Amino acid sequence: MRANAASYANKIGAPLELAGVADRSLKPLVSLGVTSKLITRDTESLILRDDVDIVVELFGGIEPARSLILKALAAGKDVVTANKALLAEHGEEVFREAGKHGLALGFEASVGGGVPIIRTLRDALAGDRQRALYGIVNGTCNSILTQMSEEGVEFKDALADAQEKGLAEKVNPDLDIEGHDSAHKLCLLVTLAFGTLLTPPQVYTEGITAITQADIAYARELGFTIKLLAIAKDDDGAIEARVHPTMLPARHLLASVGGAFNAIYIHGEALGWTMYSGLGAGQLPTATAVMADILEIARYRVADGARRAHALGLPVKLIRRASVRPMDDVVCEYYLRFAARDKPGVLGAIASVLGKRGISIASVIQKGRGAESTVPVIMRTHESPERNLKRALSEIRRRAIVDDAPAFIRIEEKL
Ligand SMILES: NC(=O)c1ccc[n+]([C@@H]2O[C@H](COP(=O)([O-])OP(=O)(O)OC[C@H]3O[C@@H](n4cnc5c(N)ncnc54)[C@H](OP(=O)(O)O)[C@@H]3O)[C@@H](O)[C@H]2O)c1
């Protein structure tokens with residue numbers, strides 16, 4: 001911000017000043033202009049000060065962030081936040097409060113880090129009707145899956161390496177690796193894309209902890225790459241919203257998005273497919289998005305208090321609650337991996353149970369003997385509702401023709 005102060009002043013038509021920083025552990029950063037005089041622990045007094053126009057919330061978590069944002073809005077301050085967890089869980093309340101006061105709630109940094117996806121959906125794509133979106137929105141998971149795929153390591157080693165490199169939380173990485181962070185972001189993307197309110201419990205969420213090196217290798221053999229995707233589809237009002245490991249064609253643009261990069265691939269009825277990609281986290285990408293929000297608000301402020309555009313593109317009262325299709329009714333193709341007992345008739349028995357549930361097999365890979373008395377059998381199925389697949393898999397498990405619960409990964413090929 002300091003390095004670009006002159007350019008910001010030109011863009012806004014007035015200088016931008018840092019009024020203060022509330023943080024319980026920050027030490028002065030004199031080279032960045034954050035002197036001890038600017039730092040305070042009394043957050044509430046700072047945000048309510050008369051000379052503060054814009055409050056930027058970067059504490060994270062639900063409280064006190066939620067209360068502080070509501071207080072700032074009630075006091076006539078515009079707000080910028082990167083807090084996807086708060087917006088996913090309490091978005092309706094805080095967006096409504098911003099709308100009530102005609103104030104801005106900028107949240108560009110909350111999804112995709114530096115990738116300008118919020119503005120893109122709210123403004124640039126506003127003239128179209130979005131039908132589907134597929135997002136790689138968690139850099140930690142994408143780094144881990146990329147390393148598993150490129151270096152042949154198992155999940156726990158890739159996670160340890162990501163933790164060592166600062167790409168994954170050391171103490172509790174579950175928010176990322178269990179898919180919850182992606183679900184938070186999907187809630188915001190769905191509201192912007194489809195104009196429906198969605199909360200995290202409505203999103204089917206499955207992380208990447210069960211992905212094995214064997215799955216990655218078989219996926220490659222079948223021409224697929226495994227990514228953790230946040231998927232949303234609008235089928236004339238019935239919304240699909242799910243986060244899970246997904247096999248997608250290795251030649252697809254999303255498959256080439258590696259490491260800490262994020263990408264959001266969107267299908268609009270008129271525009272067709274577009275993709276937006278870049279670094280999904282980190283100081284400078286995140287700061288770029290935060291600054292974009294601050295500049296937009298500062299321009300409004302300079303334009304004599306004009307009422308802000310709705311943060312979500314339309315008033316909260318006009319946003320419907322999402323009616324989400326139950327996962328059992330979602331139709332996918334599947335990759336299945338069985339540890340089949342090495343005896344005659346097992347393959348036929350598996351195929352017969354699948355057939356009974358209307359699941360037809362597209363291809364089969366059968367390898368030599370596994371470590372013990374089982375052989376790995378890999379199948380790719382044609383489309384089927386998930387309910388049928390789960391029933392078939394539990395019947396196969398009950399029949400004692402396989403060891404262990406069969407593994408399955410959903411395939412998305414038509415994107
Ligand atoms: N890091 C990224 O790349 C990134 C990207 C996009 C969005 N975000 C979002 O940005 C937010 C912040 O993430 P971060 O990674 O920057 O977290 P962080 O490194 O933990 O920074 C948060 C800072 O706020 C301070 N803080 C938290 N609660 C406070 C309180 N009640 N009073 C005073 N100070 C408080 C923390 O102090 P302590 O250190 O003492 O706790 C810490 O200095 C989160 O909502 C996150 O989801 C982050």
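Domain 1 and domain 2 meet through 21 residues of domain 1 and 20 residues of domain 2, where contact means heavy atoms within 4.5 Å. This is a predicted model, in which local features need pLDDT of at least 70 and side-chain atom pairs count only at pLDDT 80 or more, while totals for chains, interfaces and linings use all residues. Residues are numbered from 1 along each chain as its sequence is written, and side-chain values use heavy atoms, with hydrogens and water left out.

Now the overall layout. The protein chain is divided into three parts: domain 1 (5–113 + 282–318), domain 2 (117–280) and domain 3 (328–411). These bounds come from an automatic or database domain assignment. The C-alpha centres of domain 1 and domain 2 are 27 Å apart.

Back to the interface. About 1,800 Å² is buried between domain 1 and domain 2. Buried area is the accessible area (1.4 Å probe) that two parts lose on being put together, summed over both. Carbon and sulfur atoms give 63% of it. Ala88, Glu108 and Val111 supply 30% of the area that domain 1 buries against domain 2, more than any other three residues.

Charged and polar pairs also cross this interface. The rule finds five salt bridges between domain 1 and domain 2. A salt bridge is a side-chain nitrogen of Lys or Arg within 4 Å of a carboxyl oxygen of Asp or Glu. Nine residue pairs are in polar contact across the interface, both residues at pLDDT 80 or more. A polar contact is a pair of N or O atoms within 3.5 Å; within protein, one must be able to donate a hydrogen and the other to accept it, and residues adjacent in sequence count only if both atoms are side-chain atoms.

Which elements give two or more residues to the side of domain 1 that touches domain 2? They are α4 (84–101) and α11 (283–302). Helices (H or I, at least four residues) and strands (E, at least two) are DSSP runs, numbered from the N terminus. The largest share, seven residues, comes from α4. By class, this side of domain 1 has 10 nonpolar, five polar and six charged residues. Here Ala, Val, Leu, Ile, Met, Phe, Trp, Tyr, Cys and Pro count as nonpolar, Asp, Glu, Lys and Arg as charged, and the others, Gly among them, as polar.

Salt bridges number 41 by this rule. One of them joins Glu296 to Arg122, with the closest N and O atoms 3.2 Å apart. Glu296 lies in helix α11 and Arg122 in helix α5 (residues 117–124), so the pair ties together parts that are 174 residues apart in sequence.

Next, the ligand. An N or O atom in the side chain of Arg24 is 2.9 Å from a ligand oxygen atom. For Ser25, the corresponding distance is 3.0 Å. A polar side-chain atom of Lys84 lies 3.1 Å from an oxygen atom of the ligand.

Two backbone details remain. Most residues other than glycine have a negative phi, and most peptide bonds are trans. A cis peptide bond joins Glu63 and Pro64, with omega about 10 degrees. Pro64 lies in the loop between β3 (54–57) and α3 (65–74). Ala400 has a positive phi, near 60 degrees. Ala400 sits in the loop between α13 (386–398) and β19 (402–411).
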